[in-house]
Amino acid sequence: MTSQLFTNIAELVTWDDEHPIWSDAALLVEDGAVAWVGARTDAPAADAVRDVGGRSVIPGFVDSHSHLIFAGDRSAEFEARMSGQPYAAGGIRTTVAATRAASDDQLRANAARLIGEMRRQGTTTVEIKSGYGLTAADEARSLRIAAQLTSETTFLGAHVVPDGTSPEAYVELVTGAMLTACAPYARWVDVFCEAGAFGADATRTILTAGMAAGLLPRIHANQLTYGPGVQLACELGAAAADHCTYLSDADVDALAAAGVVAGLLPGVEFSTRHPYPDARRLLDAGVTLALATDCNPGSSYTSSMPFVLALAVRELGMTPREALWSATMGGARSLRRTDVGHLRTGARADVIVLDAPSYTHLAYRPGVPLVLPS
Ligand code: NIG
Ligand code: FE
């Protein structure tokens, strides 16, 4: 058994019910898990000691929504958007062509590069979706590669209907041969429920088939327009409805009543010049929020949870504490994980040291690399 004590922590965020945030604290890690948390002066002995010098310690970020298996570059599309062009779901097809043309090694190396960026910015758990293959073989290899990088893999064959296929034939493929090929590598099933992608009936059919194959449902919902995605997430008991940019009062009430986590992805609104979702409205209604990057080459090419957190505070109406909770515990709830997103005794030892006296600096000092190497 090896143990490591983190001590001289000015501010320690554990999200423990009784004592969520400690001052002048210490934390003991044993065999990869948190073994003890308390006042610095009560700390037990350990094999190794790391004096963090009056800095703050937080749980690693849980990024519950990303699309890391892709090839190609869409910076020209971003440039066009910043010159006034609108964002459209059809841009996904550009990445599909580049992804199909890439080798397994290229896809793996690109995803590993992005995970390295995430890790250096404090992310210790990441969900990864397929969705840029759109054939049974290309979706299955995307998920096979994703499964080498995370246990939180999501089958998103229903990202967009590929060129040359009718919507009906494609739903049949996604719920048939493609699902069979992908299910062994996936934990979750997702659908881009949106005008220009998949409507209510197709979304229900695809998620229901995925659930019958043992996958757990989550949805891209209400990103570009008011739509049926949130209500479907609630009806089907999805873990999460992500985006939630355009919500009716009935949508907000349904999320609260069903206990579906609303995933907010403000990197998308930043990168598409769309209006931001209203986190305050959701929090006031009692909805559980997760913040995530949605890292993808089209609508949000950031791997940075600190950037997302700063946007959440500045643009979504969240306090720094609410934003940190949603980027850690909220992400864990979205992925139905109890071992990550917090630093209570027994948690996985995802200990992130910030070069700052308080987690508030994550939003107070936007764009500054505060995460120290572990
Ligand atoms: O979450 N909304 C659907 N999928 C991605 C966008 C993908 C793309 O534009 O390539 C998203 O925003
Ligand atoms: Fe997405």
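Residues 24 or more positions apart supply 70% of the chain's contacts with a separation of 6 or more, a contact being two residues whose C-beta atoms, placed from the backbone, lie within 7 Å. This is a predicted model, in which local features need pLDDT of at least 70 and side-chain atom pairs count only at pLDDT 80 or more, while totals for chains, interfaces and linings use all residues. Residues are numbered from 1 along each chain as its sequence is written, and chains are lettered from A and ligands numbered from 1 in the order in which they are written.

As for overall shape, a compact globule of 374 residues would have a radius of gyration near 21 Å, and the chain's 20 Å agrees with that. The radius is taken over C-alpha atoms, and the globule rule is 2.2 Å times the number of residues to the power 0.38. Along the principal axes, the C-alpha atoms fill a box of roughly 65 × 45 × 40 Å. Some 54% of the 374 residues count as buried; that label takes 20 or more other C-beta atoms within 10 Å of the residue's own, with 12 or fewer making it exposed and anything in between partly exposed (C-beta atoms placed from the backbone).

The chain has 14 helices and 13 strands, these being DSSP runs numbered from the N terminus (helices H or I, at least four residues; strands E, at least two). Eight of the strands make up an open, parallel sheet in the order 5-6-7-8-9-10-11-12, where pairing takes at least two DSSP bridges between two strands. From one strand to the next, the twist averages 25 degrees. Helix 3 (residues 104–120) packs on this sheet and touches strand 5 and strand 6, its direction making about 145 degrees with that of strand 6. Axes here are lines fitted to C-alpha atoms, for helices over the stretch in contact, and angles run from 0 to 180 degrees between N-to-C directions.

Strand 5 and strand 6 run parallel and are joined by three bridges, with Phe61 standing opposite Thr123 in strand 6. On to the next pair: strand 6 (residues 123–129) and strand 7 (residues 152–158) are also parallel, over three bridges, and Lys129 has Thr154 in strand 7 as its bridge partner. Strand 6 is mostly covered, with seven of its seven residues buried.

Glu152 belongs to strand 7, and it counts as buried because it has 26 C-beta neighbours inside 10 Å. Beyond its neighbours within four places in sequence, Glu152 contacts Thr125, Val126, Glu127, Ile128, Arg187 and Leu335. His67 lies 85 residues from Glu152 along the chain, and their C-alpha atoms are separated by 12 Å.

Five strands form an open sheet with mixed pairing, in the order 3-2-1-4-13. Strand 3 (33–39) and strand 13 (351–354) are the edges; each has a single partner strand, so one side of each has no neighbour in the sheet. Neighbouring strands here are turned by 45 degrees against each other on average, direction ignored. Strand 4 (residues 48–59) pairs with strand 13 in the antiparallel sense over four bridges, and Val57 has Val353 as its bridge partner in strand 13.

Then there is the ligand. Ligand 1 is surrounded by 13 residues, the closest being Ile92, Phe192, Asn296, Gly298 and Ser299; a residue is near if its C-beta atom, placed from the backbone, lies within 6 Å.
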